[in-house]
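Here is a short briefing on one protein chain. Look at the sequence and the 3D view first, then read on.

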Amino acid sequence: MSVKSNLGGATRNDHYKWVALSNTTLGILMAMVNSSIVLISLPAIFRGVKVDPLAPGNVSLLLWMLMGYMVVIAVLVVSLGRVGDMFGRVRMYNLGFLIFTIASVLLSVVFFTGDGAALTLIGLRIIQGVGGALLMANSAAILTDAFPSNQRGMALGINVVAGISGSFVGLVLGGLLSGVDWHLVFLVSVPIGIFGTVWAYLKLREIGIVTRAKIDWLGNITFGVGLIALLVGITYGIQPYGSSDMGWTNPTVLVEIFGGIALLGVFVLVERRVAAPMFNLALFQIRAFTAGNMAALLASIGRGGLMFMLIIWLQGIWLPLHGYNFVQTPLWAAIYMLPLTGGFLAAGPLSGVLSDRYGARPFATGGMLAAAATFALLALLPANFSYPSFAVLLFFNGFSMGMFSAPNTAGIMNSVPAEQRGVASGMRSTFQNSGMTLSIGLFFTLMVLGLASALPSSLYHGLVQQGVPVAAAQKISNLPPVGTLFAAFLGYNPVATLLGPALHHLPAARVAALTGREFFPNLISKPFMAGMRVTFYFAAAMMLVAAAASWLRGKRYVHGEAMDTEAASVRAPEPLAPEPRAVAMASDGGSGLRAVTISASYGAGGDAIGRAVAERLGLPFLDRAIPVEVASELAVPLESVLASDGGSRDAVGELFAALSRGVGALAPQVAPGVDRDEDGELFRRRTERAILGMAVHGGVILGRGAAVVLGGVPGVLHVRLDGPAERRIRRLVESGAVDEATARLDQAHTDRARAAYMRHFYGVDLNDPAQYDLVIDTTTMADDAAVEMIVEAAAGRVPASA
């Protein structure tokens, strides 16, 4: 491979990452727009299918239409992230685009009416949620694979902000389209979905690590059923039950909530014992990962219900007082909330870029502190506020959330090994989406508790003063406050909804006063603001706790990168052996690493045998993982790193040429005049860091000089696979993999390049048996026999997988 083609690879790699960013941003934007577009369109949808959502027995339809999509995403996203690690993140992401698009087509052609139509829409929304979960679970992992660590904050910042902004854009879009025809609410996603699906299938490619493993069925079932039960219990908990304003005393709700918690406890026990867990609990040993996810969960709990509360405030009180009729309020509520989106857009990418340089902690923590301040200030506003003051606070609240979201996501994704990025992305999304669903239940509960103490009295006296019979006023004032909230949320005239036929017995002047724009807002404003302030103070408290969790993440951390020896000090010498601190971190209670290194000559079956050994031992197979990690850190084409130990005619020289010419983001890190040897030192150090970082979590490592890097470390088994060249060539030819001429050419080049690699970097002879615990001539036996020998040797050296 020539230098020219290497640089061309860099250009292609640079182009690909922007393609990946553009497509995943489109996918996340579409998924998040559809999380909110229905909220504002619910009145038009229910009118279109001729179902009254507030009628007895229909509240369940309303709740599932409202929250079913997000519940499905929250439940499935971590499982589908793990599936992406196992079968390919791009493959799963593309499938998500396809499923989402098909569901959108079907939603847009529901032309019948009645409860059956409502149930059909809910079912198709659940299918749409499966597609959304596939998109959300894998998009962040795809970007983390595509971008080097010094650009991930920027990339993830754009992606995260696009997603969050999409939830607000969906409100405006839903208001506009539902005013024409409610089918357009779903139809709008079809052309975007078709374009995105075709684009993704044509342009995205699998550059991450695919670690084949058995699906953790028991873990998936206990997690899915447990989380569904918990979230469904929370959803039904905000419905009235018997004489109670809420459903938290409903035995069914209690069984769902506590049964869900119990199943999640069983899930944790299962995950601690299976070889290939769906939810990798070992990742919580990484401080940056744990702190980032806890901060994300708390932030989601604090802000998830904010949108609903602000919509009710605007639709039920402020907009009617300012001349808008109740039918118009859903669209205008979305428009008046746009400053919140503006704040996200202003802060997200900027804070992401800055976090690449300074780490996530200052921006994520500062964002949470600022958000707490904005919630406290919102609590000071009167019910009939001055809009400029409200808009400024909304903008800074969005700005604060944007400061937090992008750096926090980058901090989480940077902290995990490359082969765990899919499941890490899914775990992050699970915490975020579960927090949002939990938040809605908590906010509604806090609001209803605030209303329950004052609303009945205000409603009773206000109705009686307007001539409503005492018996009717008494009956209406004792109705659960949640009905009033849902009526305001749906853009219905709450008084007209509550009084119903009783209005026909009142004089026209009284009816006009009762159903006018001012009666209900003035009646409800005082008790409503009492409940609203409780929710704002609760949100502020959650933000403060989230800030504390965020601060605990520590300084900037990128997995496999020792921050105390940055690439800027490339001339500083570094020992070839692993640093004692790194080995100490990697050890498991003093018993050593759970790792096997395999060095294999060309045609000796290293890949097939390594994968089989990994599966037998319940460990990940780390073949592409290390070059992906190194290429990402050095910002050079993956092909360069793969070639450096894969058999190119002048592989090491090619890599150094790419490095010395400043390919990608490396140029600013290397001082002018750095020669090939110094670039080689940088490459060697990054490779060793990647090996050490991945070995911490255990694995079967193929090639990359791992036998030298981990030499002398307790608990590591070092294996050499070899055999006479002629027999290795014959072995390949008989397998049908290549023809004899190609095999002979590749064997000579590959063996020579690998030997040169070891001599250049470590000054050792690749074929020296003294470096290995076990040397096997694989040309004299079947692969299964070689696998059995390695597994038996590992039994005395490698601790059993948990």
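Which way do Gly 699, Val 700, Ile 701 and Leu 702 point from E3, and are they buried or exposed? Gly 699 and Ile 701 point one way, Val 700 and Leu 702 point the other way, and all are buried. Buried means under 20% relative accessible area, exposed means over 50%, and partly exposed lies in between (1.4 Å probe, protein chains only).

This is a predicted model, in which local features need pLDDT of at least 70 and side-chain atom pairs count only at pLDDT 80 or more, while totals for chains, interfaces and linings use all residues. Residues are numbered from 1 along each chain as its sequence is written, and side-chain values use heavy atoms, with hydrogens and water left out.

**The whole chain**
- The protein chain has 32 helices and five strands. Both are DSSP runs numbered from the N terminus: helices are H or I with at least four residues, strands are E with at least two.
- Of the 802 residues, 60% are buried.
- Take the contacts between residues at least 6 apart in sequence: 83% of them join residues at least 24 apart. A contact means heavy atoms within 4.5 Å.
- The chain exposes about 29,300 Å², and carbon and sulfur atoms supply 65% of that area. Accessible areas come from the Shrake-Rupley method with a 1.4 Å probe; for residues, only the protein chains shown count as cover.

**The sheet**
- Five strands form an open sheet in the order E2-E3-E1-E4-E5, with parallel pairing.
- Strand E2 (621-622) and strand E5 (774-777) stand at the edges with a single partner strand each, so one side of each has no neighbour in the sheet.
- Strands pair if DSSP finds at least two bridges between them.
- E1 (residues 595-600) and E3 (residues 699-702) run parallel, joined by four bridges. Val 596 has Val 700 in E3 as its bridge partner.
- E2 and E3 also pair in the parallel sense, over two bridges. Here Phe 621 stands opposite Val 700.

**Helix H5**
- H5 (residues 152-178) has 27 residues, which should span 39 Å at 1.5 Å a residue; its end C-alpha atoms are 37 Å apart, which agrees. The expected span is 1.5 Å times one less than the number of residues.
- H5 bends by about 30° at Ser 167. That bend is the angle between axes fitted to the seven residues ending there and the seven starting there.
- H5 is mostly covered, with 23 of its 27 residues buried.

**Ser 415**
- Ser 415 sits in the loop between helix H15 (387-414) and helix H16 (421-452).
- Ser 415 counts as buried because its relative accessibility is 0%.
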